[in-house]
Structure formats: structure tokens, C-alpha cells
Amino acid sequence: MDRRSTKQKANGLHRQREKKLAGGDERPEPAVGVEAIPDAVLADIFELLPFEERRDTVPLVCKWWSRLTVSEPHIWKHCRWDGQERREDDDNSGEMSGTIDWPRVVEWFIARAEGVQTLQVSNFEFRFSPEVPTFSVLLALLCPSLRELRLVRCKMGRDSWMGLLCLQGLRRLDLLLNDRLMSWRSISHLSRLTNLDALHIEYVNRTFEYESDIPGPITVPFAQKLTTLRLKNFGDLKAIVPSWCFEKWRGMEMLDLCGTEVMSLTESISVLTNLAELHVWTQSKLPTEISRLTNLRMLSTRDTPSLGALCGMSRLRELEFNLNRAFESVEDLQVMSGLAMLTSLKFKWPGGYFPQELTGLSALRYLDLSDDSLSDLPSGPYLDNLTELDLSWNGFSQVPGVLWRASNLVRLSLAYNDELELGELAVDAILEMEDLLFLDIRWRRFHSVLLLMHV
């Protein structure tokens, strides 16, 4: 085929395409660049980026994007500020020894304060000038829009606490504190934040010695209409929850006092009919009125020898007991046998055996029997659907033969059973567990972990 015929054929195809386009059969799609994206759509995209990219990268791309980071407040709906990452390393030693340009921080928030609804502040020290007044100014600046505040490992002085009280629109407050002396009086001032729905105060580095730095007894003063209250790891506060608090908390869904010693719970707790999770360490028995909490899904407690209060909690899914005394009667165990929907059980008591009354809990997926002085396990339906089983720190000399029923196990711990011997039959039985991904057989003298991966 010569050059002329090839050119004629190409022209003919071009005319056919133009004819089709004119008839509406095909329409060319116009090229669209990033400059065609509306400002509001681009701002929605920026909002999905990690905070550091929104703050440090997006404004440097072009003037248009830089302008958007100021003119579209909702880009900054969720913000975080880490004191360590914002400090300059003065001596290049790897330690954060520099200072923070606080006027610059406040200036940055001034241009964006309208849109900030949630804020996480980490690793700041608000105990000395100029940090204390600057922190209060920053909170006052964010007061109209801020709804959630999370302070992580910040060192708070007596004066810096007062800056929180201007946040009257706040709905959620999380304070994760270092293990150091705090004034309960300062903490109790948070009861003035009348619009709070959720309050979480926790010592994150406290070891579980249960000795508090705060002299007790103390009264829990938070009378807001809370749905979530968590006061964790305060130690032996001998806290008292007055009846009038329960009356205010009728809509509460979670009450978590784990690691905070409570003198007692009054029968007024029965009004918390919406409660789904209860974590409490008391110095006395749970009141029998707790049986009225029929919506409870998770219960964690200790030092509670009577389990009769569980009667009627048919929807309970997770149960944790850390007992140091035996049950008062067999009826207590029979009550537990009726928890047919229980999927998670952490069970500690000095009985030295797994109660026969609990072997019918066939819905169990997670079972923790660590440090229970066990040397054997009974057979029963409780093994059939288990995916995690913790038998560490017991007295097993061989792998329990009944584990052949636990064919769905994914994680199994037999750690620190120092008399444990693994024979050929035990190894073969373990290898037949097709779903098993993690097996811990550490001894104190070897500290080894065996991982079984089934492909």
C-alpha cells in the first residue's frame, strides 16, 4: 500500500469519527485538572489527611492551597499538638531540650479556631510561666467550637487546671496523666463543666500497688448527666459514689473505676438501666440490686465472693472476677452456669480447680484461667468454641488431654508451668490444631516462645 492510499484511508476514518460525534453517538470527555476541583471539595479531601500533613505540607504546595487552609475552617475539625515534635533540638543530642514558640502556636490557632472541634495535646508541661497563661489563652480561644479535648502525658499544675473551666461547651474530656501527685480538689473542679457527656481521667504509668498518692476517702462529685465515666488507676482512694450521682447518671452506658478502690456501691446503682459496661473494685459485696442492670454486657470486679447479683443478667457477654476467697455457696456457681451468652471469662479464685458448673458455657470464645493453681481441666462444651485460652502460671505437668475438644484455638498459653513436659503425643495433638497461630510454652528458666504458623 503506497503513502497516498494510506493517507486517504486515514482521512476517511477521521471523517467517520466526526460524523459520529455530530450525531451524538460519542462525546469527547473534557480534560479535568486539579484546578477544576471546587474549593469545598478540595477542603473535604484535606480534612481526611493526617494532621501533620495538613499543617506542614499542604500550605507549602501553592498559594491556592495555603489560602484554603485558612478560609475553610472545617479542615481543622480534628487537630493534635505534640510538645516533643514541636521542640527544637538545641544540642543535637537527640533529647528535646529546646523551647516552644508559644506566641506562634497561639497565632496559628487564632486563624483556625472557628473550626477546631476535637483537640489532642501531648507531652506539654503546663506548670510554669509562660506555659500556664498561654494554655489558658489557647483554651479560651477554642472555647466556642471545641467539643472534645484529650490531654496525654501533660504535666498539669494547680493553676493550669483552672483554664479547663472555660470550656463550657465541652462534651468529652480525656486526661491521661503521669504518675505524680495531683490535687483531687483540682480534679473535682471539673464537675463545673456542666455539658460533659464523657469524662476519662487515668494515671497511665501507675503500677498496680493500689496505694494512692491522694488521701482518701474522697467523694466522686461529677453530677453531670454523663454517659461515660472512667476514673482509672487512682489506687486506694476509698472513693464514695453518693446516691444523688446515680440519679443524675440514669443515661450512663459505661462506668469504669478499674484500679480505683471504691468503699461500696449503694443500691442506687440499680437506676443505671442503660449501663452496658461496669468495671469496679469495691471493698464490699456488690449490692443485690445490681441484678436489675439487665442491659449489662461487660462486668469486671474483684473481692466479690457472692455472685447471686448476676441473676437475671442474661445478656452478659464478658465477665472478669479476681477473687481472693472461695465462693460462699454452690448456688453462686449455679447462677454463673445460666450466663448462656457469655463469650469472655477471666476467672481467678483460690479453688485450685475449674468448677464443673461452668463447663456448660458453650458460647465462650476467650477463657483466662491464669494463676489459678490448676493441674488439670475437666471436659465439657466450654472448650468447643474457644479461640483463646490462657493457662499460664499454673501447675500443669502435661498438656491437658481434654484440649482435643478445643479444635478452634488460635492462641494458647501454657507459659510458666515449670513442671510441664511436652511428650510426643502432646506435640502431635498441638500440631493437629489447624487454626493455632500462637503457642506460648515459656518456662522461667528458658523464656522461649514457640510460634506455630499454619499456611
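User: Leaving aside neighbours within four places in sequence, which residues is Ser-268 in contact with, and what makes that a contact?

Analyst: Beyond those neighbours, Ser-268 is in contact with Ser-243 and Phe-246; contact means heavy atoms within 4.5 Å. Ser-268 itself lies in the loop between β10 (254-264) and β11 (277-282). Strands here are DSSP runs (E, at least two residues) and helices are DSSP runs too (H or I, at least four), numbered from the N terminus. A word on the background: this is a predicted model, where local features need pLDDT of at least 70, side-chain atom pairs count only at pLDDT 80 or more, and totals for chains, interfaces and linings use all residues. Residues are numbered from 1 along each chain as its sequence is written, and side-chain values use heavy atoms, with hydrogens and water left out.

User: Why is Ser-268 called buried?

Analyst: Buried means under 20% relative accessible area, exposed over 50%, and partly exposed in between (1.4 Å probe, protein chains only). Ser-268 has 14% relative accessibility, so Ser-268 counts as buried.

User: What is the phi of Arg-153?

Analyst: Arg-153 has a positive phi of about 55 degrees, although it is not a glycine. Most residues other than glycine have a negative phi.

User: What makes Asp-82 and Asn-123 a polar contact?

Analyst: A polar contact is a pair of N or O atoms within 3.5 Å; within protein, one must be able to donate a hydrogen and the other to accept it, and residues adjacent in sequence count only if both atoms are side-chain atoms. The side chains of Asp-82 and Asn-123 make such a contact at 3.1 Å. Asp-82 belongs to strand β1 (residues 78-82), and its relative accessible area is 12%, so Asp-82 is buried.

User: How do you know that the buried residues of α7 are on the same side?

Analyst: In helix α7 (residues 102-110), the buried ones are Trp-102, Val-105, Val-106, Trp-108 and Phe-109. They cover an arc of only 155 degrees around the axis, so they are on the same side of α7; the arc is that of the directions from the helix axis to the C-beta atoms. The face turned away carries the exposed Pro-103, Arg-104, Glu-107 and Ile-110.

User: What pLDDT does the protein chain average?

Analyst: The average is 80, and 78% of the residues score at least 70; pLDDT is the predictor's confidence in each residue, from 0 to 100. Over residues 88-98, though, the pLDDT is below 50.
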